[in-house]
Every structure is written in structure tokens, then in C-alpha cells.
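Welcome! Here is a short tour of the structure shown below. Take a moment to look it over before reading on.

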Amino acid sequence: MDAEAALQDVQITLIGWLPAAIWAVYALSQYDTDQKIEQAFRRR
């Protein structure tokens with residue numbers, strides 16, 4: 001593998017991490033929201 005191909009692999013990897021990180025934060029916030037909704041219904 002030459003240096004150019006290795007650099008391209010690194011760029012693709014770094015670009016791929018951004019949407020994955022955004023999705024993880026979104027999924028976690030949705031989970032927290034779901035937990036709060038469940039707790040609210042359990043109190044009734």
C-alpha cells in the first residue's frame with residue numbers, strides 16, 4: 001500500500017466517525033427521553 005492510499009483510508013475513517021458520533025449522541029438522548037416517559041407513566 002502506498003502512502004497516498006493509506007492517507008485516503010485515514011480520511012475515509014475520520015469522515016466516517018463524525019456521523020457515527022452524532023448518531024450515538026442522538027440515540028443516547030432518545031433513550032433518556034424514553035426512560036423519562038416510562039417513569040412518568042409508572043407514576044400514574
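## Salt bridge

The count comes to one salt bridge, meaning a side-chain nitrogen of Lys or Arg within 4 Å of a carboxyl oxygen of Asp or Glu. The partners are E38 and R42, whose closest N and O atoms are 3.2 Å apart. They sit four residues apart in helix α1 (residues 3–43), so about one helical turn separates E38 from R42.

How exposed are the two partners? E38 is partly exposed at 41% relative accessibility, while R42 is exposed at 60%. Here buried means under 20% relative accessible area, exposed means over 50%, and partly exposed lies in between (1.4 Å probe, protein chains only).

## About the model

This is a predicted model, in which local features need pLDDT of at least 70 and side-chain atom pairs count only at pLDDT 80 or more, while totals for chains, interfaces and linings use all residues. Residues are numbered from 1 along each chain as its sequence is written, and side-chain values use heavy atoms, leaving out hydrogens and water.

## Overall form

The protein has one helix and zero strands; these are DSSP runs numbered from the N terminus, with helices (H or I) of at least four residues and strands (E) of at least two. Its C-alpha trace spans about 65 × 10 × 5 Å along the principal axes.

## Surface

Of the 44 residues in the protein, 0% are buried. The protein exposes about 4300 Å², with carbon and sulfur atoms supplying 65% of that area, as computed by the Shrake-Rupley method with a 1.4 Å probe.
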